[in-house]
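Okay, thanks everyone, let's get going.

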Amino acid sequence: MSHSIPWTFKTWIAEFDNVDLPIGDLAHDILRDPDFPEEDHFGTIHEHLYAKAGGNPAVMEAFTCAWSYYLATR
């Protein structure tokens with residue numbers, strides 16, 4: 001039996017907007033990015049953030065950690 005997950009990474013991370021931590025900064029940026037992918041795929045989101053952030057290691061680490069946390073909540 002297949003269960004539908006009621007959220008995507010984008011809707012999940014919205015819960016962290018205004019949190020004073022790197023995940024909150026990431027959420028803030030994602031929610032204000034009109035080009036952020038709707039596709040819930042690590043590679044697609046990673047490529048998008050890498051291009052937007054110019055490969056900034058802090059942004060990429062925040063995303064990788066957030067993605068792991070996101071997967072753990074599914």
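Predicted model: local features only at pLDDT ≥ 70, side-chain atom pairs only at ≥ 80, totals over all residues.

Let's start at His 48. Leaving out residues up to four places away in sequence, His 48 touches Asp 33, Asp 35, Phe 36 and Pro 37, where a contact is heavy atoms within 4.5 Å.

Residues are numbered from 1 along each chain as its sequence is written, and side-chain values use heavy atoms, with hydrogens and water left out.

Back to His 48. It sits in helix H3, residues 42-53; helices here are DSSP runs of H or I with at least four residues, strands are runs of E with at least two, and both are numbered from the N terminus. Is His 48 buried or exposed? It's buried, at a relative accessible area of 14%. The scale goes like this: buried is under 20% relative accessible area, exposed is over 50%, and partly exposed is in between, with a 1.4 Å probe and protein chains only.

Also in H3 is Thr 44. That one is partly exposed, at 26%, and apart from neighbours within four places in sequence, Thr 44 is in contact with Pro 37 and Glu 39.

Now, salt bridges. In general, side chains of opposite charge can pair when their charged atoms come close. For us, a salt bridge is a side-chain nitrogen of Lys or Arg within 4 Å of a carboxyl oxygen of Asp or Glu. How many salt bridges does a search of the whole structure find? The search finds 4.

One of them brings together the side chains of Lys 10 and Glu 38, at 3.2 Å, N to O. This pair links distant parts of the chain, 28 residues apart: Lys 10 is in helix H1 (residues 9-13), and Glu 38 is in the loop between helix H2 (22-31) and H3. Lys 10 is partly exposed at 22%, whereas Glu 38 is exposed at 57%.

Then look at Lys 52. It forms a salt bridge with Asp 33, with the closest N and O atoms 3.5 Å apart. Lys 52 is in H3 and Asp 33 is in the loop between H2 and H3, so this pair ties together parts 19 residues apart in sequence. Asp 33 counts as buried, at 10% relative accessibility.

Lys 52 also meets the side chain of Asp 35 in a salt bridge, 3.7 Å from N to O. Asp 35 is in the loop between H2 and H3, so here the parts tied together are 17 residues apart in sequence. Asp 35 is exposed, at 52%. Through shared partners, Asp 33, Asp 35 and Lys 52 are joined into one network of salt bridges. And remember, Asp 33 and Asp 35 are among the residues that His 48 touches.

On to helix packing. The axes of H3 and helix H4 (residues 57-72) come within 10 Å and cross at roughly 160 degrees. Axes are lines fitted to C-alpha atoms, for helices over the stretch in contact, and angles run from 0 to 180 degrees between N-to-C directions. H3 and H4 are therefore roughly antiparallel; under 35 degrees counts as roughly parallel, over 145 as roughly antiparallel, 65 to 115 as roughly perpendicular, and the rest as oblique. From H3 the contact uses Phe 42, Ile 45, His 46, Leu 49, Tyr 50 and Ala 53, and from H4 it uses Val 59, Met 60, Phe 63 and Trp 67. By class, that's 9 nonpolar, 1 polar and no charged. Ala, Val, Leu, Ile, Met, Phe, Trp, Tyr, Cys and Pro count as nonpolar, Asp, Glu, Lys and Arg as charged, and the others, Gly among them, as polar.

H4 also packs against H2, at about 95 degrees with the axes 9 Å apart, which makes H2 roughly perpendicular to H4. Pro 22, Ile 23 and Leu 26 of H2 meet Val 59, Ala 62, Phe 63, Ala 66 and Tyr 69 of H4. That contact has 8 nonpolar residues, no polar and no charged.

Last stop in H2: Ile 30. It's buried, at 1%. Neighbours within four places aside, Ile 30 is in contact with Phe 9, Lys 10, Ile 13, Phe 36 and Leu 49.

That's my tour, so over to you.
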